[in-house]
Amino acid sequence: MMALWRSVVGKLWLTILLLVAFVLFILTVLLLSFFEKYYLEKTGEQLTQQAVKVARVVAEHDEQFARSIAWTMVDDVSKLMIIIDDRHYWYSPNEQLVDLPLSFVQQDKQLSRVFDGKKVVKRAMMPNETMRNRVYNELFIVGVPLRTSDGNGAVFVYQSLKAVEETTKQTTKFIFLAAFIAIVLTTVFAFFLSTRITAPLRKMRQVAFEMARGKFDSKVPIVTHDEIGELAMAFNQMGRQLQFHINALNQEKEQLASILSSMADGVITLNRNGEVLITNPPADRFLQAWYYEQGQRDDLSPLPPQVNELFTKAVAEEKEQATEMALQGRNWVIVMTPLYNGKVIRGAVAVLRDMTEERRLDKLRKDFIANVSHELRTPIAMLQGYSEAIVDDIAATDEEKKELAKVIYDESLRMGRLVNDLLDLARMEAGHLTLHKERVPLRSYTERIIHKFQALAKEKGVRLLVDINEEFVVLFDPDRIEQVLTNLIDNALRHTDDGGEVRVIVDGDEEAVRISVRDSGSGIAEEDLPFVFERFYKADKARTRGRSGTGLGLAIAKNIVEAHKGTIAVHSKLGEGTTFTFTLPLK
């Protein structure tokens with residue numbers, strides 16, 4: 001029942017029902033008032049005519065004859081009272097009505113005016129003296145003056161208003177019957193009309209719920225061409241427009257996502273509370289470096305403190321803020337700009353630019369001359385010095401001459417390795433590196449290379465281990481990749497002290513295989529990490545010439561890996577060790 005009152009059908013039915021009931025009520029009041037007024041007017045005219053006729057008959061004929069005629073002139077619902085000279089009066093024989101007492105007529109101010117020669121019409125309540133209980137009947141009385149030879153008098157004709165009551169009752173019954181029929185017809189009509197109206201509305205509600213669930217292609221059937229049909233057409237057009245705009249928003253979102261993912265700079269969008277909403281790949285790499293540096297701490301913040309501080313300052317001062325920070329050997333310039341929703345700040349966007357390359361180029365510019373001087377001029381100077389010593393016969397004995405010649409020979413070999421490495425690096429950077437690829441089982445391949453270094457590791461007291469849980473068959477140049485692994489393992493052993501550990505880890509997925517060389521050695525300073533793959537760069541400035549090599553090994557390794565469409569990276573912390581990881585694609 002409550003559902004009916006809450007529905008359009010119930011409300012429409014109740015509205016029409018109340019309207020019909022109100023109209024019938026007004027009609028009933030008006031009809032009853034009209035019937036009563038009309039009946040009284042007609043009754044007054046009839047009774048007045050009867051009274052006038054009776055008065056004329058009584059005035060023109062003798063008493064006995066006049067009375068006999070007068071009684072015939074009065075109908076069966078009326079009663080006649082004739083008064084002559086205030087003493088003689090008589091009534092027509094109608095027992096249904098009471099006799100008007102002479103005193104009542106004489107004492108009533110309005111009725112007594114008849115004796116003064118005026119006609120009177122009045123409604124009065126009279127007691128029925130013939131009944132045991134005093135029952136008051138409402139009478140309608142008409143009085144006219146009477147002039148006879150015996151004296152003046154009056155003729156009163158009256159009748160009960162029960163007829164009006166009966167008419168009113170019959171009219172009321174008729175109106176109630178008409179009201180019942182009208183209510184039934186109204187109910188049928190209201191439900192029929194409301195069904196025709198609400199059926200499309202219910203369909204629109206169903207389609208609206210479907211649209212709320214994302215089905216914007218739902219249609220409302222158009223069965224009429226009235227306002228409901230126009231509403232259905234507008235509803236369908238709204239659905240098409242929503243679908244069009246949502247598709248446009250999705251396209252714009254995909255376009256913005258493509259732009260963000262293709263940007264060289266990192267982008268981090270933050271809400272008002274400093275929570276990360278959107279990031280792109282460069283920003284993800286920045287955050288991963290932050291997580292790696294912080295380790296598995298429980299109080300790890302999603303963003304570095306410098307970024308949080310920059311965000312707070314940008315929101316508080318409502319203007320752009322910038323800072324620069326170093327993270328895992330990379331230099332980042334961070335620009336934080338507030339985002340507005342109208343005039344209210346709804347968050348901020350941070351643009352992270354990796355300035356490592358610029359800093360690297362600047363550092364290389366400063367170190368290049370020193371590196372070349374150290375790597376090329378020092379061996380040449382030694383060759384000149386020792387050869388002059390031999391020419392000038394400074395070495396007195398053959399033993400000394402052989403020792404000088406041995407130094408010259410070692411330096412010439414060193415110069416040869418340097419020149420060969422430089423030529424290889426030049427060919428790689430020029431894209432002239434030729435790869436002889438073949439499918440290689442990685443487990444046996446890695447174990448063979450590890451076996452070569454076991455003697456050196458045992459000599460240094462370092463544990464050399466390999467972890468490979470799955471067999472990978474990879475397409476690559478085995479000689480070149482062996483050159484990469486040899487360089488990485490050799491570096492790891494040279495920088496790991498007695499009791500340390502060097503571990504080669506091989507894992508991967510369907511896309512690529514990852515080979516990591518992890519040591520527990522001294523580690524690399526954070527400021528040196530961006531430059532370890534550069535030619536002539538040596539992170540350990542205190543290493544002796546005999547142990548340092550040419551300074552080109554990691555640069556060559558980087559070029560070999562990139563020639564295989566792979567990547568190489570380094571993570572390190574001072575005192576905790578270093579991890580070099582390179583990937584090779586499987587497809």
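The legends below describe close-up views of a predicted model.

**Basis of the views.** In this predicted model, local features need pLDDT of at least 70 and side-chain atom pairs count only at pLDDT 80 or more, whereas totals for chains, interfaces and linings use all residues. Residues are numbered from 1 along each chain as its sequence is written, and side-chain values use heavy atoms, with hydrogens and water left out.

**Figure 1. Overview of the protein.** The protein contains 14 helices and 17 strands; these are DSSP runs numbered from the N terminus, helices being H or I of at least four residues and strands E of at least two. Of its 587 residues, 39% are buried; buried means under 20% relative accessible area, exposed over 50% and partly exposed in between, with a 1.4 Å probe and protein chains only. Among contacts between residues at least 6 apart in sequence, 59% join residues at least 24 apart, contact meaning heavy atoms within 4.5 Å.

**Figure 2. The largest pocket and its lining.** The largest pocket holds about 1100 Å³ of space. Of its 33 lining residues, Arg-330, Ile-568, Ala-569, Val-570 and His-571 are the closest to its centre. A pocket is an open set of points on a 1 Å grid over the protein atoms alone where a 1.4 Å probe fits, with protein on both sides within 12 Å along at least five of seven lines; lining residues have an atom within 4 Å of a point. Grid points are joined across faces, edges and corners, and the volume is the space filled by probe spheres set on them. Helix 7 (281–294) is among the elements that each supply at least two lining residues, as are strand 9 (330–341) and strand 16 (567–573). Helix 7 gives the largest share, six residues. Domain 2 (260–355) and domain 4 (438–585) each contribute at least three residues to the lining, the bounds coming from an automatic or database domain assignment. By class, the lining has 14 nonpolar, ten polar and nine charged residues (nonpolar: Ala, Val, Leu, Ile, Met, Phe, Trp, Tyr, Cys and Pro; charged: Asp, Glu, Lys and Arg; polar: the others, Gly among them).

**Figure 3. Thr-579 in strand 17.** Thr-579 lies in strand 17 and counts as buried because its relative accessibility is 14%. Beyond its neighbours within four places in sequence, Thr-579 is in contact with Tyr-292, Ser-516, Val-517, Arg-518, Ala-569, Val-570 and His-571.

**Figure 4. Two loop residues with positive phi.** Most residues other than glycine have a negative phi. Glu-318, in the loop between helix 8 (305–317) and strand 8 (321–327), has a positive phi near 55°; at 47% relative accessibility, Glu-318 is partly exposed. Lys-565, in the loop between helix 14 and strand 16, has a positive phi near 65°, and its relative accessibility of 70% makes Lys-565 exposed.

Figure 5. Ser-301 is found between helix 7 and helix 8 and is partly exposed, at 22% relative accessibility. Leaving aside neighbours within four places in sequence, its contacts are Trp-290, Tyr-291 and Asn-308. Asp-528 lies in the loop between strand 15 (512–519) and helix 13 (545–548) and is buried, at 9% relative accessibility. The C-alpha atoms of Asp-528 and Gln-328 are separated by 9.5 Å, although the two are 200 residues apart along the chain.
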